[in-house]
Amino acid sequence: MSQSTSPEWYKSAVFYELSVRTFADGNGDGKGDFPGLTSRLDYLKNLGVDCLWLLPWYPSPLRDDGYDVADYVGIHPDLGTLEDFKVFLREAHARGLRVIGDLVTNHTSSDHPWFQAARRGPTLPDGSPNLYHDYYVWSGTGQEYPEARIIFTDTETSNWTLDEQTGRYYWHRFFSSQPDLNYDNPAVVEELLSAARFWLDLGLDGFRVDAVPYLIEREGTNCENLPETHAILKTMRRMVDQDYPGRLLLAEANQWPEDVAEYYGTEAEPEFHMCFNFPVMPRLYMSLKKEDTSSIREIMDRLPAIPSFGQWATFLRNHDELTLEMVTDEERAFMYASYAPDPRMRINVGIRRRLAPLLDNDRRRIELLNSVLLALPGSPILYYGDEIGMGDDLSLGDRNGVRTPMQWNAGLSGGFSSALPSDCFFPPIHDPVYGFGRVNVQSQEQDPSSLLRWTARQLELRRQHPAFAHGDLHFVDSDNPAILAFTRTTPDETLLIVSNFAANAQACTLDLSAHQGRTPVTVSGASHLPPVADGRYPLVMGKYDYYWLRLN
Ligand SMILES: OC[C@H]1O[C@H](O[C@H]2O[C@H](CO)[C@@H](O)[C@H](O)[C@H]2O)[C@H](O)[C@@H](O)[C@@H]1O
Ligand SMILES: [Ca+2]
């Protein structure tokens with residue numbers, strides 16, 4: 001099956017994020033692996049996604065679920081062998097699916113041989129310089145860069161930790177088990193580029209690049225988004241453009257619109273092809289509880305123009321907490337009160353819950369947010385299990401509650417593994433509402449009205465109308481803040497998306513004066529609405545209703 005050959009394939013792709021460790025276990029040891037994932041590729045193909053984003057698969061002590069890398073050019077032994085990876089990639093490509101990995105640039109694990117070597121101090125016993133010491137960021141006092149915030153606020157009290165062996169402090173923006181690499185050292189840049197090359201040479205289609213704002217530290221700044229950081233990332237892009245054209249770099253920069261847009265670079269000096277739209281994500285949830293969508297429009301209007309090669313990555317949930325870094329203090333308090341009533345649901349600056357439980361397992365709200373996700377500008381990224389409405393497990397620590405095994409069927413361990421649930425890497429969810437006995441792929445495949453079948457249909461409709469991927473965005477004025485309306489326009493078609501974020505039926509009048517004389521028809525072609533006569537278009541919508549319309 002052929003893939004899109006356009007170098008800008010990512011602009012029309014739907015992405016699917018998954019963890020190999022929790023997706024499917026091929027050898028029955030209770031841990032997901034590449035052979036297991038390979039055996040489930042037909043499922044992903046049939047769902048209608050185009051590109052898989054795999055969470056870190058590298059050897060790691062797993063103190064941050066693999067974001068603590070101990071070897072950039074290996075496979076964690078639990079997940080299989082390099083040969084298993086190659087087979088997986090070949091089989092994915094054979095089905096027309098692309099695959100991107102996760103490049104953890106900012107830091108390594110403290111178990112990484114580089115850090116272990118660095119701990120021998122700046123000078124080796126024979127008096128020669130220890131080149132690895134300079135791979136990391138050290139201090140004699142641990143007092144530098146006081147303006148840099150702490151990101152993992154629930155665990156860390158400082159970005160410096162004393163290394164007993166050297167008697168010096170090392171810098172870390174995340175867990176103390178994740179020492180930051182020193183990007184002022186050109187050897188470090190070379191190491192990371194060479195690691196990226198290793199996977200790109202095997203045919204990988206690109207990377208989501210982790211935690212990019214924090215590469216460089218400078219006194220007197222908050223050590224985020226510095227020009228020197230951008231310069232390094234542009235070097236990475238130059239390598240990709242020169243040697244791997246058509247591969248993708250996607251930036252994880254959890255920043256305000258003006259700062260995140262900088263990660264695209266410019267037409268002349270490009271940086272990333274895609275960046276996550278972190279700012280819009282919490283506002284989708286906030287709009288539901290407030291029954292007021294103005295914050296969505298405001299934040300989308302605030303996104304700066306991006307270079308022609310650029311595309312946003314939109315998402316509702318991922319493997320981390322629902323981050324509340326890109327909201328005001330007042331909005332954060334509102335979000336916690338609305339979506340995290342139990343203190344166990346809160347972690348760091350966010351909420352550690354999955355999509356379905358966040359939305360009270362309300363099918364209408366789940367459909368509504370997904371329909372907006374698929375219609376907003378950007379390439380949507382679905383998080384594994386959300387397409388069947390999986391739940392979370394608050395008894396698991398850190399963010400692991402949203403990383404439980406994929407629920408394939410009602411059998412032992414939900415079809416994830418032939419091992420007993422107690423022997424699985426994380427226990428499969430088995431509660432009466434979200435457990436695998438009730439929520440699983442097999443039963444939803446057989447049920448035409450399931451969330452899974454709905455999701456596949458929406459992806460198919462999205463594919464049939466390229467304006468969802470490529471159309472210009474124009475918000476349509478609505479006299480009812482609960483109703484969000486916008487158009488997506490290409491030279492060939494105009495789509496009108498109308499969504500009711502309220503828990504009750506709502507009436508509104510849309511300003512469609514730019515579209516007088518046209519007739520809104522549902523994108524499936526099934527129903528015609530009254531034509532747009534004088535431009536003022538009255539509409540009544542049921543609770544959490546959404547319309548995907550084409551203006552004929
Ligand atoms: O590798 C360290 C972490 O990097 C990513 O973190 C991001 O997630 C944080 C919340 O969990 C977020 O606040 C921060 O802005 C991000 O950089 C990665 O997605 C994490 O899983 C990982 O722990
Ligand atoms: Ca296994």
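The largest cavity in this predicted model has a volume of about 310 Å³. Here a cavity is a set of points, on a 1 Å grid over the protein atoms alone, where a 1.4 Å probe fits but cannot get out, and lining residues have an atom within 4 Å of a point. Volume denotes the space filled by probe spheres set on the points, with grid points joined across faces, edges and corners. The lining of the largest cavity comprises 23 residues, of which F152, F174, E252, D320 and R399 are the closest to its centre. By class, 8 of these lining residues are nonpolar, 7 polar and 8 charged, where Ala, Val, Leu, Ile, Met, Phe, Trp, Tyr, Cys and Pro count as nonpolar, Asp, Glu, Lys and Arg as charged, and the others, Gly among them, as polar. In total, 3 cavities of 30 Å³ or more were counted.

As the model is predicted, local features need pLDDT of at least 70 and side-chain atom pairs count only at pLDDT 80 or more, whereas totals for chains, interfaces and linings use all residues. Side-chain values use heavy atoms, with hydrogens and water left out; residues are numbered from 1 along each chain as its sequence is written, and chains are lettered from A and ligands numbered from 1 in the order in which they are written.

A polar side-chain atom of E252 lies 3.0 Å from an oxygen atom of the ligand, and for D320 the corresponding distance from a side-chain N or O atom is 2.5 Å. The side chain of E325 likewise places an N or O atom 2.5 Å from a ligand oxygen. Ligand 1 is surrounded by 19 residues (a heavy atom within 4 Å), the closest being D64, D210, D320, E321 and E325.

The second largest cavity has a volume of about 100 Å³. Two or more lining residues come from each of α13, β14 (379–383) and α15 (451–464), with β14 giving the most, 3 residues. The lining divides into 7 nonpolar, 2 polar and 3 charged residues; N370 and L373 are among them.

Both N370 and L373 are buried residues of α13. This helix (residues 363–375) has 13 residues and reaches 18 Å from its first C-alpha to its last, close to the 18 Å expected at 1.5 Å a residue. Of its 13 residues, 11 are buried (under 20% relative accessible area, 1.4 Å probe, protein chains only).

Terms used: Helices (H or I, at least four residues) and strands (E, at least two) are DSSP runs, numbered from the N terminus. The expected span of a helix is 1.5 Å times one less than its number of residues. Buried means under 20% relative accessible area, exposed over 50%, partly exposed in between (1.4 Å probe, protein chains only). On a 1 Å grid over the protein atoms alone, a cavity is a set of points where a 1.4 Å probe fits but cannot get out, and a pocket is an open set with protein on both sides within 12 Å along at least five of seven lines; lining residues have an atom within 4 Å of a point. A polar contact is a pair of N or O atoms within 3.5 Å; within protein, one must be able to donate a hydrogen and the other to accept it, and residues adjacent in sequence count only if both atoms are side-chain atoms.
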